[in-house]
Amino acid sequence: MSKTNGEMIIRLKDVKRIYKVGVEHIHALDGVSLDVAKNEYVAVMGHSGSGKSTLMNLVGCLDVATEGAYELNGQDTTKMGGSDLARVRNEQIGFVFQSFELLPKLNAQKNVELPLIYSKIGWLTRAKLAKKTLHRVGLGERIKHRPNQMSGGEKQRVAIARALVCNPSILLADEPTGNLDTQTSGEIMELFAELHNDGQTIIMVTHEADIARHAKRIIRMSDGKIYSDLPTGQDPAYKEINGC
Ligand SMILES: Nc1ncnc2c1ncn2[C@@H]1O[C@H](COP(=O)(O)OP(=O)(O)O)[C@@H](O)[C@H]1O
Ligand SMILES: [Mg+2]
């Protein structure tokens, strides 16, 4: 579904991802077509095993489709080799995971600087950008803290800063609140809302209705297929929570 007339960042057409395990073929994605415009905020819902992470990995250029087409910002990624995909990933994608994936020995600033090391930015600028981004996610006071000196919510903010520091076209978040309590999850959702208001395009995987309702569009998956794609107000997740 084309949501707006705006510029399309993501265009997936009949995408399949088939894993071969022994003689078995697992259709993790089984013909997914999806357009996402600039500054959309999309939640992807579905049961465990429905293909959500596979979809995110493909959109994030961590993996490639077995069949079908994927254009990212007008570039056909299916024709790209490993090094081109790595460059596109570094320049255009910011990833946030349930388990934060921070390096334990590095402080917040150094963790956020990591993606900048691959782009030829000098150390002084790297440090400035990392600090600025940590301020942006509300962690100006935690710049020198290492992961084991921070709460779960703070760690996820560091991970979000790391995802944003290269100014990506898309922020991809796979169960970003999966390891957080309700209040901290709400705070992370407030941060996502701010980022969206500032123009960030966001795709977030969640199986929780009260997290998904923060997005503007909800996609539901089952057995590797999209079976529902609606503005949030029309999705059952919204109705469930608002009692209508
Ligand atoms: N690397 C893999 N090798 C084989 N099968 C996989 C692999 N990754 C995922 N799958 C299978 O693909 C399907 C979709 O998985 P996934 O995208 O992780 O689902 P979700 O994130 O919705 O829980 C599942 O049946 C899963 O077992
Ligand atoms: Mg998953």
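**Close-up views of a predicted model**

View 1. S1 and S2 run antiparallel to each other, joined over 11 bridges. To get your bearings in this pair, find Leu-12, which sits opposite Leu-34 of S2. In general, strands of a sheet pair through backbone hydrogen bonds, either parallel or antiparallel.

**View 2. The four-stranded open sheet.** Step back from that pair and you'll see an open sheet of 4 strands with antiparallel pairing, in the order S2-S1-S4-S5. S2 and S5 (75-76) are the edge strands; each has a single partner, so one side of each lacks a neighbour in the sheet. Helix H1 lies across S1, S2 and S4 (67-72), and runs at about 125° to S1.

**View 3. The six-stranded open sheet.** Here the pairing is mixed, and the 6 strands of this open sheet line up as S6-S7-S8-S3-S9-S10. At the edges are S6 (93-97) and S10 (225-231), each with a single partner strand, so one side of each has no neighbour in the sheet. On average, neighbouring strands are turned by 15° against each other, ignoring direction.

View 4. S3 (residues 41-46) pairs with S8 (residues 201-205) in the parallel sense over 4 bridges.

**View 5. The shell around ligand 1.** Which residues are around ligand 1? They are Tyr-19, Val-21, Ile-26, Ala-28, His-47, Ser-48, Gly-49, Ser-50, Gly-51, Lys-52, Ser-53 and Thr-54. By type, the shell splits into 4 nonpolar, 7 polar and 1 charged.

**View 6. Backbone contacts to ligand 1.** Zoom in on the oxygen atoms of the ligand. A backbone N or O atom of Gly-49 lies 2.7 Å from an oxygen atom of ligand 1, and a backbone N or O atom of Ser-53 lies 2.9 Å from one. For Gly-51, a polar backbone atom is 3.1 Å from a ligand oxygen atom. On its own, ligand 1 exposes 560 Å², and the protein buries 61% of that.

Notes:
Residues are numbered from 1 along each chain as its sequence is written. Chains are lettered from A and ligands numbered from 1 in the order in which they are written. This is a predicted model: local features need pLDDT of at least 70, side-chain atom pairs count only at pLDDT 80 or more; totals for chains, interfaces and linings use all residues. Side-chain values use heavy atoms; hydrogens and water are left out. Two strands pair if DSSP finds at least two bridges between them. Helices (H or I, at least four residues) and strands (E, at least two) are DSSP runs, numbered from the N terminus. Axes are lines fitted to C-alpha atoms, for helices over the stretch in contact, and angles run from 0 to 180 degrees between N-to-C directions. A residue is near a molecule or strand if one of its heavy atoms lies within 4 Å of it. A polar contact is a pair of N or O atoms within 3.5 Å; within protein, one must be able to donate a hydrogen and the other to accept it, and residues adjacent in sequence count only if both atoms are side-chain atoms. Accessible areas come from the Shrake-Rupley method with a 1.4 Å probe; for residues, only the protein chains shown count as cover. Ala, Val, Leu, Ile, Met, Phe, Trp, Tyr, Cys and Pro count as nonpolar, Asp, Glu, Lys and Arg as charged, and the others, Gly among them, as polar. Contact means heavy atoms within 4.5 Å.
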